[in-house]
Amino acid sequence: MSALLSGCITLTTDFGTRDPYVGIMKSCILRRFAAATVIDLTHEIAPFRPEEAGFWLGVSAPLFPAGSVHVAVVDPGVGTERALLLVRSQQQLFLAPDNGLLGFIMQSWPDAIALRIETQALRELGIEPRSATFHGRDILAPLAAELAAGRCKPESLGPVLVSIQPGKLAPASCNSAGVVTGSIATIDRYGNLLTTIDARMLESMRAPVVTFRNQRLEVLRTYGATAVGNALALINAFGRLEIAVASGSAVRSLGADWGEVVQVKDEAPLP
Amino acid sequence: MSALLSGCITLTTDFGTRDPYVGIMKSCILRRFAAATVIDLTHEIAPFRPEEAGFWLGVSAPLFPAGSVHVAVVDPGVGTERALLLVRSQQQLFLAPDNGLLGFIMQSWPDAIALRIETQALRELGIEPRSATFHGRDILAPLAAELAAGRCKPESLGPVLVSIQPGKLAPASCNSAGVVTGSIATIDRYGNLLTTIDARMLESMRAPVVTFRNQRLEVLRTYGATAVGNALALINAFGRLEIAVASGSAVRSLGADWGEVVQVKDEAPLP
Amino acid sequence: MSALLSGCITLTTDFGTRDPYVGIMKSCILRRFAAATVIDLTHEIAPFRPEEAGFWLGVSAPLFPAGSVHVAVVDPGVGTERALLLVRSQQQLFLAPDNGLLGFIMQSWPDAIALRIETQALRELGIEPRSATFHGRDILAPLAAELAAGRCKPESLGPVLVSIQPGKLAPASCNSAGVVTGSIATIDRYGNLLTTIDARMLESMRAPVVTFRNQRLEVLRTYGATAVGNALALINAFGRLEIAVASGSAVRSLGADWGEVVQVKDEAPLP
């Protein structure tokens with residue numbers, strides 16, 4: 001596995017920012033690795049939707065310096081027997097509970113490898129859970145520090161797994177008729193609907209048309225390419241299909257449930 | 001232009017903190033300049049009010065180390081033909097779209113110089129927009145990294161402009177009768193009304209009295225200098241006139257619209 | 001006093017994150033100590049409850065590297081004659097107004113020493129209040145920078161105090177019948193009720209039972225150790241008694257006021 005080091009650690013949680021839980025995780029990183037650069041991705045993941053954290057990591061992590069360590073704590077099962085995982089892909093490391101959070105990354109990136117983090121390996125690093133309820137602080141933060149500091153080899157942490165919990169968010173698929181089916185992966189603060197559909201799946205289409213909640217949407221270039229209030233689809237800054245409303249909120253105008261199906265069909269396919 | 005370097009970059013946006021958009025901007029800074037110190041100013045600017053970002057930058061930026069780079073992304077016109085600007089003033093650099101955001105700084109600081117950032121200059125730095133919708137990530141973040149790292153001279157980025165979009169927030173003015181007229185520049189979380197009126201404009205007044213929404217307010221020293229619930233004016237920590245309510249909220253007690261007029265008159269002028 | 005240095009400074013305030021006040025404090029740290037690592041603990045303390053900041057500092061600060069400097073600004077009395085304090089304990093330094101904020105730490109930690117920060121000592125460091133309303137920026141931020149950089153000895157700042165403002169939050173106590181009485185110190189975003197009761201006070205109990213609002217709660221190991229919707233008590237990740245509802249919100253299910261009494265009794269004491 002990679003020996004690349006960036007010193008960079010990102011945090012993605014459902015902790016919010018009202019309580020000092022995020023700052024406390026940082027204290028446990030800095031105690032072991034004072035030179036770490038710690039970046040908050042988001043602390044507003046819905047507590048019972050770890051898959052949303054995995055989606056955001058999937059679109060964000062490749063932008064970080066090679067060798068960055070991404071810690072995700074959306075962990076309703078903390079204190080139960082769920083495993084902790086290390087996933088390596090795209091020269092990035094991911095640490096999270098095995099509860100579906102990293103399923104999207106495992107299914108999306110062919111080079112992804114998952115390890116189960118073993119208690120014994122943690123013990124050798126001096127990492128022991130001091131609580132039953134805050135493994136983000138007790139285990140994942142200090143482990144991220146050791147990895148980011150280059151003092152611990154990922155492959156030493158435990159066995160490679162053949163499969164992990166897949167989670168409720170699958171990559172989009174294409175059927176034999178050329179129809180691409182994906183789903184709503186997250187809804188951002190502007191009310192835009194980010195889907196799992198990768199732009200590369202639409203590259204060969206000559207006239208892609210999006211179907212969502214009985215809407216028929218063309219794929220435009222920017223939010224401003226239609227009149228204010230109109231719904232549209234576009235390829236967003238992450239190379240994914242997104243449904244939006246010009247100068248408005250798609251979730252308010254169209255409605256949308258997390259995980260809901262979105263389809264794309266080519267209306268002018270090559271014969 | 002200045003060769004001062006602080007390694008410090010600030011971010012001011014309308015992105016909120018629910019989605020990872022701010023963390024993603026930081027990834028693009030760190031990939032180019034790992035030693036940057038990135039400071040969040042605020043990510044809660046009203047999306048269609050870039051002028052508010054400019055006001056906060058005007059009061060905040062002079063406090064940062066000389067050579068800091070301030071990135072502001074409130075950019076409803078992203079993907080259209082609006083220009084991107086670099087403004088230099090007070091040994092600070094500012095990067096933002098040309099949509100009124102930097103108008104207040106240009107009008108307030110006599111030493112301010114604006115450049116239009118040219119596509120060709122960006123290309124020479126290896127900066128190309130990879131999306132039509134997230135120029136904060138694709139252009140301004142990497143450019144801030146290059147500037148803060150000292151690898152790019154501001155004057156190499158494009159031509160000096162004679163004028164930029166002024167925006168809806170002008171510096172306060174004084175008429176021939178000595179009456180100072182300004183406006184509400186922002187309303188903070190405590191409900192205080194921060195105005196554009198610089199304390200130096202009131203220095204020669206012997207008995208300044210503030211008029212706002214039919215209130216007649218004296219200029220006191222601190223929030224606690226009148227009884228709880230009373231409205232007051234004071235010179236705030238940024239050297240600006242502010243309207244407040246002791247242990248209360250001015251916006252709730254008095255009401256206030258963004259941009260609304262505030263006046264100050266000397267009731268005991270020297271004869 | 002300690003000469004340990006970590007370069008680490010934490011911030012705890014009631015400023016929120018909507019306005020740039022926190023970023024502005026950081027600018028004043030970085031201007032004096034560019035290499036500081038600044039960590040946000042929380043900026044959502046209730047403005048008129050400095051004791052809550054002190055409680056969170058008490059549970060968080062010991063996790064930070066030795067020699068860290070913790071700045072707390074919940075300061076409704078800014079601009080009045082209240083003193084500013086430096087407290088040293090557990091190899092950590094705390095800076096805050098003398099308004100009850102640091103009372104809990106002073107009463108909880110036997111090694112805690114408090115000093116009153118003198119205007120003259122600040123002046124020798126080039127620190128002078130430039131405003132009557134933002135001493136966090138004008139005094140505490142630059143002083144934290146000087147302390148964290150090791151350029152200022154804590155004991156040079158002013159006289160040791162025999163007592164400080166105690167605040168409304170006292171450590172839990174145990175009566176002659178063995179009943180432990182504490183109170184609700186804070187309510188987190190999940191609706192969990194964090195109490196002042198230290199787990200060590202319950203160590204000798206064989207069957208501790210918690211009484212709160214006519215509920216009789218057993219002390220379980222994790223949130224998941226009872227059926228969904230049930231109230232429970234547990235020892236949390238900070239070694240304190242906490243009242244929670246499994247997969248729910250204790251504050252919504254049971255109600256709770258800040259400061260309300262919580263008791264623990266041993267129902268099977270050794271004879």
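**Exercise 1. Determine how strand β7 (residues 173-174) of chain B pairs with β8(B), and then trace the other partners of β8(B).**

Solution. Step 1: β7(B) and β8(B) run antiparallel and are joined by two bridges. Strands are DSSP runs of E with at least two residues, helices are runs of H or I with at least four residues, and both are numbered from the N terminus. Two strands pair if DSSP finds at least two bridges between them. The model is predicted: local features need pLDDT of at least 70 and side-chain atom pairs pLDDT 80 or more, while totals for chains, interfaces and linings use all residues. Residues are numbered from 1 along each chain as its sequence is written, chains are lettered from A and ligands numbered from 1 in the order in which they are written, and side-chain values use heavy atoms, with hydrogens and water left out.

Step 1: Within this pair, Cys174(B) is opposite Val180(B) of β8(B). Five residues separate the two strands in a hairpin, and Gly178(B) in the turn has a positive phi of about 85°.

Step 2: β8(B) also pairs with strand β14 (residues 261-266) of chain B, antiparallel and over four bridges. Here Gly182(B) has Val262(B) as its bridge partner.

Step 3: Strand β9 (residues 193-198) of chain B is joined to β8(B) by three bridges, again in the antiparallel sense. Thr195(B) in β9(B) is the bridge partner of Ile184(B). These strands form a hairpin with five residues between them, and Gly191(B) in the turn has a positive phi of about 85°.

Step 4: Strand β8 (residues 180-187) is mostly covered, with seven of its eight residues buried. Buried means under 20% relative accessible area, exposed over 50%, and partly exposed in between, computed with a 1.4 Å probe and protein chains only.

**Exercise 2. Is Ser60(C) buried or exposed, and what does it contact?**

Solution. Step 1: Ser60(C) belongs to helix α2 (residues 50-60) of chain C. With 0% relative accessibility, Ser60(C) counts as buried.

Step 1: Contact means heavy atoms within 4.5 Å. Leaving aside neighbours within four places in sequence, Ser60(C) contacts Pro20(A), Ile24(A) and Leu41(C).

**Exercise 3. Locate Ser247(A) and Gln90(C), and give the phi and accessibility of each residue.**

Solution. Step 1: Ser247(A) is in the loop between β13 (240-245) and α6 (250-254) of chain A. Its phi is near 50°, a positive value in a residue other than glycine. At 54% relative accessibility, Ser247(A) counts as exposed.

Step 1: Gln90(C) is in the loop between β4 (84-89) and β5 (92-97) of chain C. Phi of Gln90(C) is near 50°, again a positive value in a residue other than glycine. Gln90(C) is partly exposed, with a relative accessible area of 36%.

**Exercise 4. Summarise chain A as a whole.**

Solution. Step 1: Chain A has six helices and 14 strands. Its C-alpha trace spans about 60 × 40 × 35 Å along the principal axes.

Step 1: Of the 271 residues in chain A, 58% are buried.
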